[in-house]
Amino acid sequence: MALSAENVNVAVTGKVYIGETTAAAPTASDSTLTGFTELGYVSSDGITVNRERSTNQIRAFQNADLVREVVTEASASYTFMMLESKIEVIEAYFGAEMVGGKIELNPSNTGGRKSFVFDIVDGDDVIRHYVPLGEVTQVEAQTFANGEAIMYGVTVTAYSSNDRVADVFYGALEA
(Lines give C-alpha, C1' and ligand atoms only; values in the text may rest on other atoms or scores of the structure.)
Protein backbone atom coordinates (compact mmCIF):
# COMPACT_ATOMS: atom_id res chain seq x y z
CA MET A 1 0.00 0.00 0.00
CA ALA A 2 1.31 3.42 -0.95
CA LEU A 3 1.93 6.11 1.61
CA SER A 4 -0.55 8.98 1.52
CA ALA A 5 -0.32 12.21 3.51
CA GLU A 6 -4.04 12.71 2.79
CA ASN A 7 -4.72 9.92 5.28
CA VAL A 8 -3.21 11.90 8.16
CA ASN A 9 -5.88 13.53 10.32
CA VAL A 10 -5.44 16.36 12.79
CA ALA A 11 -7.92 17.18 15.53
CA VAL A 12 -8.47 20.75 14.33
CA THR A 13 -11.69 21.19 16.29
CA GLY A 14 -14.50 19.18 17.79
CA LYS A 15 -17.63 19.05 19.88
CA VAL A 16 -18.88 17.23 22.96
CA TYR A 17 -22.55 16.38 23.40
CA ILE A 18 -24.53 14.95 26.32
CA GLY A 19 -27.96 13.34 26.30
CA GLU A 20 -30.17 10.96 28.19
CA THR A 21 -29.52 7.26 27.57
CA THR A 22 -32.78 7.22 25.59
CA ALA A 23 -31.43 9.73 23.03
CA ALA A 24 -31.35 8.44 19.46
CA ALA A 25 -28.05 6.76 18.58
CA PRO A 26 -26.10 8.35 15.72
CA THR A 27 -25.76 6.16 12.63
CA ALA A 28 -22.82 7.90 10.93
CA SER A 29 -20.17 10.54 11.56
CA ASP A 30 -22.40 13.20 10.00
CA SER A 31 -25.86 12.03 11.10
CA THR A 32 -28.08 14.57 12.84
CA LEU A 33 -28.04 14.22 16.62
CA THR A 34 -31.44 14.06 18.31
CA GLY A 35 -31.78 14.36 22.07
CA PHE A 36 -28.24 15.65 22.65
CA THR A 37 -27.02 19.05 23.89
CA GLU A 38 -23.64 20.49 22.92
CA LEU A 39 -21.52 21.29 25.98
CA GLY A 40 -19.72 24.19 24.26
CA TYR A 41 -16.07 25.15 24.27
CA VAL A 42 -13.49 22.59 25.39
CA SER A 43 -10.00 23.72 26.43
CA SER A 44 -7.17 23.66 23.91
CA ASP A 45 -5.97 20.38 25.47
CA GLY A 46 -8.87 18.75 23.60
CA ILE A 47 -10.29 15.34 24.46
CA THR A 48 -8.17 12.47 25.75
CA VAL A 49 -9.43 8.97 24.99
CA ASN A 50 -7.95 6.40 27.34
CA ARG A 51 -8.24 2.64 26.83
CA GLU A 52 -6.85 0.49 29.62
CA ARG A 53 -6.34 -3.25 29.62
CA SER A 54 -5.07 -5.76 32.16
CA THR A 55 -4.05 -9.22 31.05
CA ASN A 56 -3.04 -12.54 32.50
CA GLN A 57 -0.33 -14.56 30.84
CA ILE A 58 -0.83 -18.32 30.77
CA ARG A 59 2.38 -20.31 30.64
CA ALA A 60 2.94 -24.00 30.01
CA PHE A 61 4.12 -26.15 32.90
CA GLN A 62 6.60 -28.07 30.76
CA ASN A 63 8.81 -25.24 29.50
CA ALA A 64 7.31 -21.97 30.77
CA ASP A 65 6.40 -20.94 27.21
CA LEU A 66 3.72 -18.32 26.88
CA VAL A 67 0.75 -20.18 25.37
CA ARG A 68 -1.97 -17.57 25.74
CA GLU A 69 -2.72 -14.15 27.15
CA VAL A 70 -6.25 -13.26 28.21
CA VAL A 71 -7.78 -9.87 28.93
CA THR A 72 -8.95 -9.82 32.55
CA GLU A 73 -10.04 -6.17 32.82
CA ALA A 74 -10.70 -3.45 30.26
CA SER A 75 -12.10 0.08 30.31
CA ALA A 76 -12.46 3.20 28.19
CA SER A 77 -12.74 6.79 29.32
CA TYR A 78 -12.84 10.31 27.89
CA THR A 79 -11.24 13.26 29.70
CA PHE A 80 -11.77 16.91 28.80
CA MET A 81 -12.03 20.42 30.30
CA MET A 82 -15.18 22.41 29.57
CA LEU A 83 -14.83 26.19 29.40
CA GLU A 84 -18.40 27.49 29.27
CA SER A 85 -20.31 28.20 32.47
CA LYS A 86 -23.74 27.10 31.30
CA ILE A 87 -26.40 24.94 32.92
CA GLU A 88 -25.58 21.66 31.10
CA VAL A 89 -21.86 21.99 31.89
CA ILE A 90 -22.39 22.84 35.55
CA GLU A 91 -24.89 19.98 35.95
CA ALA A 92 -22.48 17.50 34.32
CA TYR A 93 -19.59 18.71 36.50
CA PHE A 94 -21.46 18.69 39.81
CA GLY A 95 -23.68 15.70 39.01
CA ALA A 96 -26.85 17.44 40.08
CA GLU A 97 -29.70 19.43 38.60
CA MET A 98 -29.55 23.21 38.78
CA VAL A 99 -32.73 24.71 40.21
CA GLY A 100 -33.31 28.46 40.31
CA GLY A 101 -29.64 29.26 39.67
CA LYS A 102 -28.51 27.03 42.56
CA ILE A 103 -26.90 23.62 42.58
CA GLU A 104 -26.61 21.50 45.70
CA LEU A 105 -23.10 20.15 46.12
CA ASN A 106 -22.79 16.50 47.13
CA PRO A 107 -19.29 15.22 46.28
CA SER A 108 -20.54 11.68 45.64
CA ASN A 109 -23.13 12.68 42.99
CA THR A 110 -22.23 11.70 39.42
CA GLY A 111 -25.45 12.71 37.70
CA GLY A 112 -26.04 9.10 36.68
CA ARG A 113 -25.59 7.42 33.36
CA LYS A 114 -25.91 9.50 30.21
CA SER A 115 -25.11 9.17 26.52
CA PHE A 116 -22.19 11.10 25.07
CA VAL A 117 -21.00 12.00 21.57
CA PHE A 118 -17.46 13.24 20.87
CA ASP A 119 -16.83 14.69 17.40
CA ILE A 120 -13.25 15.22 16.25
CA VAL A 121 -13.14 17.35 13.11
CA ASP A 122 -10.49 17.88 10.43
CA GLY A 123 -12.06 19.82 7.55
CA ASP A 124 -14.69 17.54 6.02
CA ASP A 125 -13.45 14.50 7.96
CA VAL A 126 -15.25 13.73 11.21
CA ILE A 127 -14.35 11.00 13.68
CA ARG A 128 -17.35 10.45 15.96
CA HIS A 129 -17.23 8.52 19.21
CA TYR A 130 -20.68 7.54 20.51
CA VAL A 131 -20.87 6.33 24.10
CA PRO A 132 -24.39 4.98 24.73
CA LEU A 133 -23.79 4.51 28.48
CA GLY A 134 -21.31 6.80 30.17
CA GLU A 135 -20.96 8.49 33.52
CA VAL A 136 -18.90 11.36 34.90
CA THR A 137 -16.78 9.40 37.35
CA GLN A 138 -14.02 11.93 38.04
CA VAL A 139 -13.88 15.70 38.24
CA GLU A 140 -10.77 17.87 38.16
CA ALA A 141 -10.01 20.46 40.81
CA GLN A 142 -11.14 23.96 39.90
CA THR A 143 -8.81 26.92 40.13
CA PHE A 144 -10.19 30.43 40.42
CA ALA A 145 -7.43 32.84 39.43
CA ASN A 146 -7.29 36.38 38.08
CA GLY A 147 -7.19 36.33 34.29
CA GLU A 148 -7.88 32.59 33.99
CA ALA A 149 -10.99 30.88 32.63
CA ILE A 150 -13.04 28.85 35.07
CA MET A 151 -12.86 25.29 33.80
CA TYR A 152 -14.88 22.16 34.48
CA GLY A 153 -12.68 19.10 33.99
CA VAL A 154 -14.33 15.70 33.88
CA THR A 155 -13.65 12.09 33.02
CA VAL A 156 -16.47 10.10 31.47
CA THR A 157 -16.22 6.35 31.96
CA ALA A 158 -17.85 4.29 29.21
CA TYR A 159 -19.87 1.26 30.30
CA SER A 160 -20.61 -1.86 28.32
CA SER A 161 -23.77 -1.76 26.23
CA ASN A 162 -24.53 -4.73 23.97
CA ASP A 163 -20.95 -6.02 24.33
CA ARG A 164 -19.27 -2.73 23.44
CA VAL A 165 -18.52 0.56 25.16
CA ALA A 166 -18.60 2.87 22.14
CA ASP A 167 -19.19 3.10 18.41
CA VAL A 168 -16.52 4.99 16.50
CA PHE A 169 -17.40 6.34 13.07
CA TYR A 170 -14.68 7.45 10.65
CA GLY A 171 -16.33 9.85 8.19
CA ALA A 172 -13.69 9.61 5.46
CA LEU A 173 -13.91 5.81 5.52
CA GLU A 174 -17.68 5.38 5.63
CA ALA A 175 -19.08 3.52 2.66
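Two residues are in contact when their heavy atoms lie within 4.5 Å. With that in hand, the overall fold can be read: among contacts in the protein with a separation of 6 or more, 60% come from residues 24 or more positions apart. The structure is a predicted model, in which local features need pLDDT of at least 70, side-chain atom pairs count only at pLDDT 80 or more, and totals for chains, interfaces and linings use all residues. Residues are numbered from 1 along each chain as its sequence is written, and side-chain values use heavy atoms, with hydrogens and water left out.

The protein has one helix and eight strands, where helices (H or I, at least four residues) and strands (E, at least two) are DSSP runs numbered from the N terminus. Following the sequence gives the order β-β-β-β-α-β-β-β-β. The C-alpha trace spans about 70 × 40 × 35 Å along its principal axes. Of the 175 residues, 29% are buried. Here buried means under 20% relative accessible area, exposed means over 50%, and partly exposed lies in between (1.4 Å probe, protein chains only).

The strands can now be followed pair by pair. Two strands are said to pair if DSSP finds at least two bridges between them. Strand β3 (residues 42-59) pairs with β4 in the antiparallel sense over 14 bridges, and R51 stands opposite A76 in β4. These two strands form a hairpin with six residues between them, and A64 in the turn has a positive phi of about 65°. Strand β5 (residues 114-122) has antiparallel partners too: seven bridges join it to strand β1 (residues 13-19), and eight join it to strand β6 (residues 125-139). On the β6 side, F116 has V131 as its bridge partner. The hairpin of β5 and β6 has two residues between the strands, and G123 there takes a positive phi near 65°.

Next comes the interior. A nonpolar core is a set of buried Ala, Val, Leu, Ile, Met, Phe, Trp, Tyr and Cys residues joined through side-chain atoms within 4.5 Å. The largest one holds 19 residues, of which L39, F80, M82, F116 and F118 touch the most other members. At least two residues of this core come from each of β1, β4 (66-82), α1 (87-94), β5, β6 and β7 (152-158). Apart from this core lies another, of seven residues, including Y17, A23, F36 and V117. M82 gives a view of the packing: leaving out residues up to four places away in sequence, M82 touches L39, Y41, V89, I150, M151, Y152 and V154.

Charged side chains also meet. A salt bridge is a side-chain nitrogen of Lys or Arg within 4 Å of a carboxyl oxygen of Asp or Glu, and a search of the whole structure finds four. One of them joins R128 and D119, with N to O at 2.7 Å. R128 counts as buried because its relative accessibility is 4%, and D119 is buried too, with a relative accessible area of 6%. In another, E104 and K102 meet at 3.9 Å, N to O, and both E104 and K102 are exposed. D167 forms a salt bridge with R164, the closest N and O atoms being 2.5 Å apart; R164 counts as partly exposed, at 27% relative accessibility.

D167 lies in strand β8. Leaving aside neighbours within four places in sequence, D167 is in contact with R128, H129 and Y130. The C-alpha atoms of D167 and V131 are separated by 6.8 Å, although these residues are 36 residues apart along the chain.

V168 is also found in β8 (residues 167-170). Together with Y170 and L173, V168 forms a nonpolar surface patch with about 320 Å² of accessible area. Patches are made of residues with over 30% relative accessible area and no salt bridge, with like charges joined within 9 Å and nonpolar side chains (Val, Leu, Ile, Met, Phe, Trp, Tyr) within 5 Å. V168 itself is partly exposed, with a relative accessible area of 36%.

Terms used: Areas by Shrake-Rupley, 256 points an atom, 1.4 Å probe, with all protein chains shown as cover.
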